[in-house]
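Me: I would like to go through this model with you and ask, for each label, what the label rests on. Please set each value against its cut-off before you conclude.

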Amino acid sequence: MGRGILLSGAADIDFMVHGVFSYELFGQTLWITTTHVCLLIVMLVIMGFCIAAGRCMKKASEVPGVFQNIVELIVEMLDGMSGSVMGKYSVKFRNYIGTIFIFIFLSNISGLFGLRPPTADYGVTFALGIITFVLIHYNQFKYQKVRGVIQGLCDPWPIWAPINIIGELAVPISLSLRLFANVLSGVVMMALIYGLLSKIAIIWPAALHVYFDLFSGAIQTYVFCMLTMTYITNACTTE
């Protein structure tokens, strides 16, 4: 009986994954989905904020206005976060850390504005994981050289090299899956609530949005950036 009730309401469940339009490329039909649209909206918001912030800081005054205070607060917060973890290496990577922090956070909380969070699509989070993975190993070879990398893979004994290699390759997968799964679970839960409890889903789901989109979204943003900074710092360390 319970299964029948679930199936009867399944048609009303909307996970917000829809094809907007399709196009042909090399004989293949490709779709622009709601994820692409929401991703574009988030990027436009970030670009608009950055342009406005740049113009504001060019005309910065000793007595800052509201917007200048907001910009300075964000910069100080992100610089402080990267500096506390990365130390002397934060100068080189704080722009990257700040960029992914703002992007992931805005993507996660976009559900509050009726959008489907782009980070609920594995194609987005995996790309972020790959970028971090490339940065980790680029700096590892830059600072530790080939000899240091090989020694690290053979630590504590050479027989552990295959396991260490698998562990290194698992970094982008673990980073991306953690973010993707936590954001997607919130999207699925809210879709089930609105689909199966639509008649009584009035006002009170707002509290769940605050938890899944804002609270959980902020935590997952911090975790992703914290792990990224830790991995990169370890890669730059020559000791």
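Me: What makes a side chain count as positive or negative here, and how far apart do the centres of the two sets lie?

Reply: Lys and Arg count as positive and Asp and Glu as negative, while His and the chain ends are not counted, and the place of each charge is taken as NZ of Lys, CZ of Arg, CG of Asp or CD of Glu. By that rule the protein has 13 positive and 12 negative side chains, and the centres of the two sets lie 6 Å apart. Bear in mind that this is a predicted model, in which local features need pLDDT of at least 70 and side-chain atom pairs count only at pLDDT 80 or more, whereas totals for chains, interfaces and linings use all residues. Residues are numbered from 1 along each chain as its sequence is written, and side-chain values use heavy atoms, with hydrogens and water left out.

Me: How do you know how many disulfides the structure holds?

Reply: A disulfide is a pair of cysteine sulfur atoms within 2.5 Å, and the structure holds zero of them. For Cys225, the closest cysteine sulfur is that of Cys50, and because the two are 15 Å apart, they are too far for a bond. Cys236 is likewise in no disulfide, as the nearest cysteine sulfur, that of Cys225, is 16 Å away.

Me: What makes the link between the side chains of Thr35 and Asp121 a polar contact?

Reply: A polar contact is a pair of N or O atoms within 3.5 Å; within protein, one must be able to donate a hydrogen and the other to accept it, and residues adjacent in sequence count only if both atoms are side-chain atoms. The side chains of Thr35 and Asp121 are joined at 3.4 Å, and this pair is listed as a polar contact. Thr35 sits in helix α2 (residues 34–58), and at 6% relative accessibility it counts as buried. Leaving aside residues up to four places away in sequence, Thr35 touches Arg116, Pro118, Asp121 and Val124, where contact means heavy atoms within 4.5 Å.

Me: What is said about phi in Phe26, and is Phe26 buried or exposed?

Reply: Phi of Phe26 is near 55°, a positive value in a residue other than glycine. Phe26 lies in the loop between β1 (19–25) and β2 (28–33), and with a relative accessible area of 80% it is exposed. Lys145, which is not a glycine, has a positive phi of about 65°, and its place is in helix α5 (residues 122–153).

Me: How many helices and strands are there, and what counts as one?

Reply: Helices (H or I, at least four residues) and strands (E, at least two) are DSSP runs, numbered from the N terminus. On that basis the protein comes to seven helices and two strands, which follow the pattern α-β-β-α-α-α-α-α-α along the sequence.

Key
Buried < 20%, exposed > 50% of the residue type's maximum accessible area, 1.4 Å probe, protein only.
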